[in-house]
Amino acid sequence: MSRALIVDDDLGFRIGVTELVQREGFEVTAASDLAEARQRLAQDPPDVVIVDLMLPDGSGIDLLRDLPAEARTEVIVITGHASVDSVIEALRAGVLDYLTKPVDMPRLKAVLANLTRTAELKSEIGALRRQLRELGRFGRLIGVSPAMQKVYDLIARVAPTDASVLLTGESGTGKEIVAQTIHEISKRRRGPFLPLNCGAMPAGLIESELFGHERGSFTGATQQRRGHFERASAGTLLLDEITEMPIELQVKLLRVLETGTILRIGGDASVKVDARVIAATNRPPEQAVADGKLREDLLYRLNVFPIALPPLRERVGDVALLAERFLDELNQAEGTRKVFREGTEARLDAYAWPGNVRELKNMIHRAFIMAETELDPEIPGNGAVPRPPGLRTGISLEEAERELILATLERNGGDKRRTAEILGIALKTLYNRLKRYQGAAAATDGDEAVESAAPEEGGGGL
Ligand SMILES: Nc1ncnc2c1ncn2[C@@H]1O[C@H](COP(=O)(O)OP(=O)(O)OP(=O)(O)O)[C@@H](O)[C@H]1O
Ligand SMILES: [Mg+2]
């Protein structure tokens, strides 16, 4: 029989939780403060400790340090007032989950039911760490630099919990692939992983994509439609480019996160949803708040567990490893045995990678297509900062437009959002142009998720 230790100075609370935990099939002991809890832990570590964050003689988190190293005890923290700082501290210290008072009993039940699954996940995460040492990758993520190892640690800590995660980092640093990794080593991995790119669709559409709509709620709504929140139930929802979400909608999103229910557009009955939310942005979130692009209360709610992805130029040793792996994948897919031309590694290393991993991946892909046997990647400015394109005459306006668009895209490492911004055109327009030029820059971008989240058709001229 599994054993639980409940630590709280509030007797009523202890009794209530003890009853529930017993009903879940645990043998329960209780303690009213840290000192008593430590005694019990030393005698015989239980499978799970449910501990209040604020105890008369200290913080519940301190108990983690008293667990015998070989114990497989999980810790669930209960807090009266969930300050974000204390929750982050708790998760970083390695607690399994946190619950706020008054305790949502069904949630506690779910967490307890998941204990065995969690043990499985932990052993899987252990396997991923071995893979990292042996193969230089953590699941899908390639890289062994200290900067990335820190990221893997954070992923491993937060994945088994249901906490919201905020991913920040420059464009192309891997926010989406990290979100996917978190999903894959979470207990929700058999559920769906749904990304929604708030930057790639018209503001008016985001609300119905998120929450769905009832039939007849607006012209063209001929059927009821479930939104991402409902479809991601038991799974993970990635809200990409969160700062592009209209402010009024951010208010609604916050309400959904707080109540766990949504209202479909045109509907009046709230629907319970169960999606873990991961948000991503390539702007510094505090700056976005200062610029009025992100509501502070929403940031506060999403930022329970922040993970900042380092730019590629700060990942010592990873450029060559990524390049090798990308080439391996292409060779495997095409049944070829192409290699890098001598000296490539040093040249790749010297470059600043403004477009980060995406730029590297696209560059290798391009070089792969061009190469007979030896890849000779075209590094902008031969390792220096890329130069802007010169003005050419004697070509048509349309050709000039094409050159300018492709050159700007290249200079920005394939970052379509930034490219559209610089060119002063709608992102949608950029997608339409790239579609037209297919075979050129757009075709080498392996970023399907963003592609498919982009609007298909639509006007918007230059
Ligand atoms: N560590 C990594 N290992 C392997 N592939 C990676 C890694 N990081 C990123 N990639 C690849 O690089 C490309 C860009 O990554 P991703 O789309 O996750 O970036 P992003 O941070 O979401 O960018 P943006 O802000 O522009 O949306 C993808 O093809 C992804 O698979
Ligand atoms: Mg992305």
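This passage describes the fold of a predicted protein model, from its overall dimensions to a few individual residues. Residues are numbered from 1 along each chain as its sequence is written, while chains are lettered from A and ligands numbered from 1 in the order in which they are written. Because the model is predicted, local features need pLDDT of at least 70 and side-chain atom pairs count only at pLDDT 80 or more, whereas totals for chains, interfaces and linings use all residues.

The protein chain comprises 20 helices and 20 strands, where helices (H or I, at least four residues) and strands (E, at least two) are DSSP runs numbered from the N terminus. Its radius of gyration is 25 Å, close to the 23 Å given by the globule rule for 462 residues, so the chain is as compact as a globular protein of that length; the radius is taken over C-alpha atoms, and the rule is 2.2 Å times the number of residues to the power 0.38. Along the principal axes, the C-alpha atoms fill a box of roughly 85 × 60 × 40 Å. Buried residues make up 36% of the 462; a residue is buried if 20 or more other C-beta atoms lie within 10 Å of its own, exposed if 12 or fewer, and partly exposed in between, with C-beta atoms placed from the backbone. Of the contacts between residues at least 6 apart in sequence, 71% join residues at least 24 apart, a contact being two C-beta atoms, placed from the backbone, within 7 Å.

Strand β14 (residues 235-240) has five of its six residues buried, so it is largely enclosed by the rest of the structure. Five bridges join β14 to the parallel strand β11 (residues 193-197), with L196 opposite L239. Five bridges also join β14 to the parallel strand β17 (residues 275-281), where L237 stands opposite V277.

A234 is not a glycine, yet its phi is positive at about 65 degrees, and its 13 C-beta neighbours inside 10 Å make it partly exposed. W353, in the loop between α15 (344-350) and α16 (356-370), likewise has a positive phi, near 50 degrees, but W353 counts as buried with 23 such neighbours inside 10 Å. A cis peptide bond, with omega near -5 degrees, leads from K101 to P102, and P102 sits in the loop between β7 (97-100) and α5 (105-113).

Finally, D52 belongs to strand β3 (residues 48-52). An unreviewed UniProt entry annotates D52 as "modified residue: 4-aspartylphosphate"; UniProt positions follow the numbering used here, feature names are shortened, and annotations may be inferred rather than shown by experiment. D52 is buried, with 24 other C-beta atoms within 10 Å. Leaving aside residues up to four places away in sequence, D52 touches V7, D8, D9, G60 and I78.

Technical notes: Two strands pair if DSSP finds at least two bridges between them.
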